[in-house]
Amino acid sequence: MLWIAVCDDEVMECSRMAARIRGILDEMNAPCTIRQFYSGRELLQSPETFDIIFLDIIMGGMDGMRTAQLVRERAYDKLLVFISASRDYVFDAYDVEAFQYLVKPIEDKKLKKVLQKAVRKMEERSQAFILVSRDRQKRKLFLDDIYYFEIRGRMIDIHGTGGVFSYYEQIGILERELQGKGFFRCHKSYLVNLKYVDVYNRQELVLDNGERIAIAKRRYEAFCEEILKYMRGMV
């Protein structure tokens, strides 16, 4: 299920865009939930989490570019699609790692192409998995469903959307398996999924679910580099 936000301060434009997106995704047999917002502030105050955000750039109050900057400060894996009647902001869009920049009027063919590309990217993210063994049985766990790994000697606790799953593994083997897949060992006891990092400072990071994870001082700089690389890889 895709969660999509459409943000435009012109109510009719917002409604039309949401309807067009739903129509194309219905044709693609891609289930979705679409929410409409009429200001950047309203979008940022929403408790819901979105996969794809369509943002009009020129809006009263907080404009789309500033809204995008604040979205990026909170989440690194959202696909941002800018909508504008002007090409003047194309280069600014690179600064917030925009997925696409659409110039009005937007043809259905172009919009469909963007949505197809976005759906493929979301599917690629959700299909990655690892196999873990416990009690002589193997279990397939999707990386998208894992918040972080907690290391306790030879025992590893996997904290995810389905609760906690524990198994025996060497941390070195796990790190090699997760290399390049959006995880970072921010502390000797934790491997975190960068997708779920909400905010961070030199002492700790906070995940989307509110859990706090310590960051080792000597790993902070490397963490900053890694999360920037992760952000660039989202587009």
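**Exercise 1. Identify the residues nearest the centre of the second largest pocket, and describe its lining.**

Solution. The model examined here is predicted.

Step 1. Fourteen residues (14) line the second largest pocket, and those nearest its centre are Ser46, Glu48, Thr49, Arg74 and Lys78.

Step 2. The volume of the second largest pocket is about 370 Å³.

Step 3. At least two lining residues come from each of α2 (40-44) and α3 (64-74).

Step 4. Sorted by class, the lining of this pocket comprises seven nonpolar, five charged and two polar residues.

**Exercise 2. Determine which parts of the chain are linked by the salt bridge of Arg20 and Asp108.**

Solution. Step 1. The side chains of Arg20 and Asp108 form a salt bridge, with an N to O distance of 2.7 Å; the cut-off for such a contact is 4 Å.

Step 1. Arg20 belongs to helix α1 (residues 11-27) and Asp108 to helix α5 (residues 108-127), so the pair links distant parts of the chain, 88 residues apart.

Step 2. Arg20 has a relative accessible area of 26% and is therefore partly exposed.

**Exercise 3. Explain why the salt bridge of Lys104 and Asp56 ties together separate parts of the sequence.**

Solution. Step 1. In the salt bridge between Lys104 and Asp56, the closest N and O atoms are 3.5 Å apart.

Step 1. Asp56 lies in strand β3 (residues 52-56), whereas Lys104 lies in the loop between β5 (100-103) and α5; the pair therefore ties together parts that are 48 residues apart in sequence.

**Exercise 4. State which residues form a cluster through ring pairs, and which lysines lie over rings.**

Solution. Step 1. The whole structure contains twelve aromatic pairs.

Step 1. Phe184, Tyr200, Tyr220 and Phe223 are linked into a cluster by ring pairs.

Step 2. Lys140 lies over the face of Phe129, 4.4 Å from the ring centre.

Step 3. The charged end of Lys117 sits over the ring of Phe99, at 5.3 Å from its centre.

Technical notes. Residues numbered from 1 in each chain as written. Predicted model: local features only at pLDDT ≥ 70, side-chain atom pairs only at ≥ 80, totals over all residues. Heavy atoms only, no water. 1 Å grid on protein atoms, 1.4 Å probe; cavity = no way out; pocket = protein on both sides within 12 Å on 5 of 7 lines; lining within 4 Å. Points joined across faces, edges and corners; volume = space filled by probe spheres on them. Helix = DSSP H or I, 4+ residues; strand = E, 2+ residues; numbered from the N terminus. Nonpolar A, V, L, I, M, F, W, Y, C, P; charged D, E, K, R; others polar. Phe/Tyr/Trp six-rings, centres within 6.5 Å; stacked < 30°, edge-to-face > 60°. Lys NZ or Arg CZ within 6 Å of the ring centre and 35° of its normal. Buried < 20%, exposed > 50% of the residue type's maximum accessible area, 1.4 Å probe, protein only.
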